[in-house]
Amino acid sequence: MTALQVGYETFGGSRRKAVTLICLMLSSSLAAAITVYVDSYSMHKWDELVEIGPVAMEIGGAGVEHIADGVAEIDGVTDIAIFAAAEGSVTAIGTGGQPITWSASVFRYDQTLMTHFGNVFVLNKGAFPSATDEIALSAEIAQETDIDIGDLVNYTRGEPGIGGSYVMTVVGLWEFSGNSGSFHYGWQIAMVTGSMLDPRTDDSYLWIDVDRSRVSAFNVQGSLDYLLQIEESIRELDPTYDPDRDTGSRYWVNDGLRSGITNYASWQQGKRVAQLFRAGGPILLVVLTLFLAVRHNMNERRYESNILISRGADENKVRNMVYKEIMILAALSTIVGLGLGALLSRVGVMSSDYFVFRWELFVNEPFLISIESLALSAVAGILVPFGAILAYDYVYRIRQTAEESTGKLAKLTRLLGFVKWDVLLVSLTGIALIAMLATGTALQLNPLLRFFSNMILSLAPFALFLGMASLFIKALRAGANRISNRMEGIFGSIPSSVGIRRIGRAASSAGPVAMVLVLTISLAWSSAVIGDSLPLTKMNQARFTFGGDIRFDLDALNSFADANATEFVQNCTLHEAYVAGAELSITERMLSTGYYDAADLVAMDPSDYLAVGYDYTGQPLNESPLSSMLMELETSPMGAIISQDIAEEYELSVGDSLRSYGTEGGNVSVFTFTIIGIYEALTNALLSDTSGNIWGYYGAGFGLRTVWVNRGYLSQFVNFTTESRNMYAMRVADSSNTTEVALDILEAAGYQSTDGDDSANNDYADVDSEVRSYIGTTDYTMDRAVDTMLTIATTLVIFGAISVYAAEGLNSRRREIALMRAMGAGKRLIVKTQATELLVLTLSSIMLLLVFAPLLIVTTGLSQQTSYIIYPIRFFFSVPYGTLSLVLGFFLVSVTLFVVAVSSLATRIQLSQSLNASWSEGGPMGGDG
């Protein structure tokens, strides 16, 4: 090391290590931010699934009560009690004067059980039974029959008609506490004293609790192992139990706590995978940054390596020395990156939407870093850089061998040079994307093809980006001289001649930096557009689905409202937010003799509905192409507007006749329509939500097989009261909250919800509730939070990439700057030359940005799955131009300030250092890799 120039290791080594550490830290922090955010957010799910109540496990089996002492001695068991139950029934007089009988499990009141697990039972009223003629009933049963303390009921032991019957006094009303979904709770209807259980059906169980301090979300697998060990110890209390001989235990364990943890682990892992999959773009940024970091470190140490090799050092040992430094920095970056990732995760935790924050959540929300997150951070922070080293070394060796060899490998390398892989990649990927977009909803109708098409839409843009970026780099290299000539009047002769032309000579470094810049801004823009578009998508889909801003199911409401349908509609028109309303009667009829040829006939008053509904594009009907069709339907009662799929199936066109068949009352009725309009999709207003589910998959696509007809004409053939579903669609003022309007109208009509929760019933639907429900889902919240987090993380990546570019450029720039200084150039001119280089690189990247960003936004939008229902338009784009301009401005200002700072530091070189660097390039490993 004595041959090194003065200050080389002191300053060059420190800069090299710092730049490499920054890039490695950013890569590990991105993975840590996602996983730590999911961990922290998952604590809500942990509380939901794991807080099952006082009983952790239930043990059953013949003679289980005899092993209670053995179970109590098992490590981890903290509480134990015998729970005895048997079959029984309770008969009481209902509110209508008729006897009602409930048959289920009845359990025994036991003081020991109450001492250890008494908080399982909440005594609403009265007391627990203490005598054989006393009974305590489930509060739910008592509510159904208006039973109160002191009333008499008939209790039968065992099955009705077999066991003895007793008249008993109700002394208490109780209900279960804890998680009602747990296996322990909710099966029993009454509580009696021990002697009143049926001995023929008497079953005993052991209820136990365990030391829950040894169960934590930090170590899910360790928690599961702990509970499994307790279960195994319980089974081993059976002396005949021998798992090696497939001899089972007579004792079984129902482990509610382990079931909750298992469900939590599955949910957590699914969210991790989903968010990491969504982070395809940022992961590509990490790969580019790691490549730059490894390449920078290898090139920076090439001078030192060449000296050692020239002194007789083994080349492999020298290379391993370089690798060792990178891996040490990778290990250090993992620790620092985990801290930065944890800090970024708090940004996600307090995000309620894309860059919408609730600052109090930064402290109030739970915080968790699980063992899995630590492991994943270690993989990303250590193994990924190690893979980058191996890849770099492999490529370098292949290239070096090919350059020195004249054999087949060299010929193959030169042959591959003629293959324009980037042109081929752009062409094939572009054709695939165009073909997919041209199919419309065809691919979406098959669930399997839908999955693969969404995956292709998610990944193809980044493959296309690599090809486009390669072409961009080649154009940058070839056009540097022309750009330099045209920019002389702006930046000056020397900055243009020296700075801009260096981009062409150093395009191998400039290219990845430009790619990082373009990809970062594109991802930020895409997240902003997606966040703004999803609520709009839900709103337009809801308006189309419901047939208006609000839709009431008149048939269902008639059973619960004090007013009849006519009075209800009048109440709607009296509301201050009312704009227009229309009644829709929907009946299913056959278009041919085949069962599968049914279609929904939607009868309406066209002029009324014209002012109410929306088409599938989100436009109000009075502003859409359907406007003229509905006006014609008003004047042509026998007319019909049909969906496009019907026209294609039966080869129908405007002016043709359409026949429909009905079989009500055993008679076949046929009525004929004249087609006056054909439209892509028409609503039938039957669905109550736009989310759908995997079991209720709307495989045919919503808005198909639908016919709009004139209500007056169809009433001659169909009794709307008995043969159709009757809806009332309503449009309200733009500034109105549709949920509040709907509830006001329902309240005025005396409506009572069927389930006690107005927001959950299916008797009406409104747009605002649908949008609010969607943006309140866990998936939506997590996606927007992660998008916010990744935008901030990828912004930091830009600075890391430019740091590498600026630091790496010093190697090839030293001689250039030294000569400029020797010829009398001042610091300001040198700074301007360096700044010009980086600014032109930034501005030229914007050209690639304007091509790639719209493509990424479109494909990302079309890959969004907002529902299992297939809509004609799956995604509505809303472009927040203000936000996009703000994002671009932020990046440009930040990069400009950073460029100026880096350019100023770039002037701090020595002439001797420059000459030594120049000599180094002639060594056996000389030149940038």
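Trainee: Which residue does Arg358 meet in a salt bridge?
Mentor: Glu360. In this predicted model, the side chains of Arg358 and Glu360 come to 3.2 Å, N to O.

Trainee: How many salt bridges does the count come to?
Mentor: The count comes to 21 salt bridges. One of them joins Asp238 and Arg250, where the closest N and O atoms are 3.5 Å apart. Asp238 and Arg250 lie in the loop between helix 5 and strand 10, so the pair ties together parts that are twelve residues apart in sequence.

Trainee: Is Asp238 buried or exposed?
Mentor: Asp238 is buried, because its relative accessible area is 2%, under the 20% cut-off.

Trainee: What about Asp242, what does its side chain meet?
Mentor: Arg245, in a salt bridge of 3.5 Å, N to O. Asp242 is partly exposed at 23% relative accessibility, while Arg245 counts as exposed at 69%.

Trainee: Which residues are linked in a network of salt bridges?
Mentor: Glu231, Glu232, Arg235, Asp255 and Arg258 are linked that way.

Trainee: Switching to strands. How many residues of strand 8 are buried?
Mentor: Five of the five, residues 188–192, so strand 8 is largely enclosed by the rest of the structure.

Trainee: Which strands does it pair with?
Mentor: Strand 3 (residues 99–108) pairs with strand 8 in the parallel sense, over four bridges. Strand 5 (residues 134–138) pairs with strand 8 in the antiparallel sense, over two bridges. Have a look at Met191 in strand 8: Phe107 has it as bridge partner, and Ala136 stands opposite it.

Trainee: And strand 7, what pairs with that?
Mentor: Strand 4 (residues 121–126) pairs with strand 7 (residues 165–176) in the antiparallel sense over five bridges, with Leu123 opposite Trp174. Strand 5 runs parallel to strand 7 over five bridges, and Leu137 has Leu173 as its bridge partner there. Strand 6 (residues 152–157) is antiparallel to strand 7, again over five bridges, and Thr156 stands opposite Ser165.

Trainee: On to helices. Which residues are buried in helix 24?
Mentor: In helix 24 (residues 738–748), the buried ones are Thr738, Thr739, Val741, Ala742, Ile745 and Leu746. Seen down the helix axis, they fall within an arc of 165 degrees, so they line one face of helix 24. The face turned away from that buried side carries the exposed residues Glu740, Glu747 and Ala748.

Trainee: Where do the buried residues of helix 25 sit around its axis?
Mentor: Val767, Glu770, Val771 and Tyr774 are buried in helix 25 (residues 767–775). They cover an arc of only 95 degrees around the axis, which puts them on the same side of helix 25.

Trainee: What caps its N-terminal end?
Mentor: Asp766 does, with a side-chain oxygen 3.3 Å from the backbone nitrogen of Asp768.

Trainee: Last one: which residues form a nonpolar patch on the surface?
Mentor: Phe218, Ile371 and Leu374, with about 230 Å² of accessible area together. Phe218 sits in the loop between strand 9 (203–210) and helix 5 (220–235), and is partly exposed at 36% relative accessible area.

Notes
Residues numbered from 1 in each chain as written. Predicted model: local features only at pLDDT ≥ 70, side-chain atom pairs only at ≥ 80, totals over all residues. Heavy atoms only, no water. Patch = residues over 30% accessible without salt bridge, like charges linked within 9 Å, V, L, I, M, F, W, Y side chains within 5 Å. Areas by Shrake-Rupley, 256 points an atom, 1.4 Å probe, with all protein chains shown as cover. Salt bridge = Lys/Arg side-chain N within 4 Å of Asp/Glu carboxyl O. Buried < 20%, exposed > 50% of the residue type's maximum accessible area, 1.4 Å probe, protein only. Arc of directions from axis to C-beta. Polar contact = N/O pair within 3.5 Å; in protein donor to acceptor, adjacent residues only side chain to side chain. Pairing = 2+ DSSP bridges.
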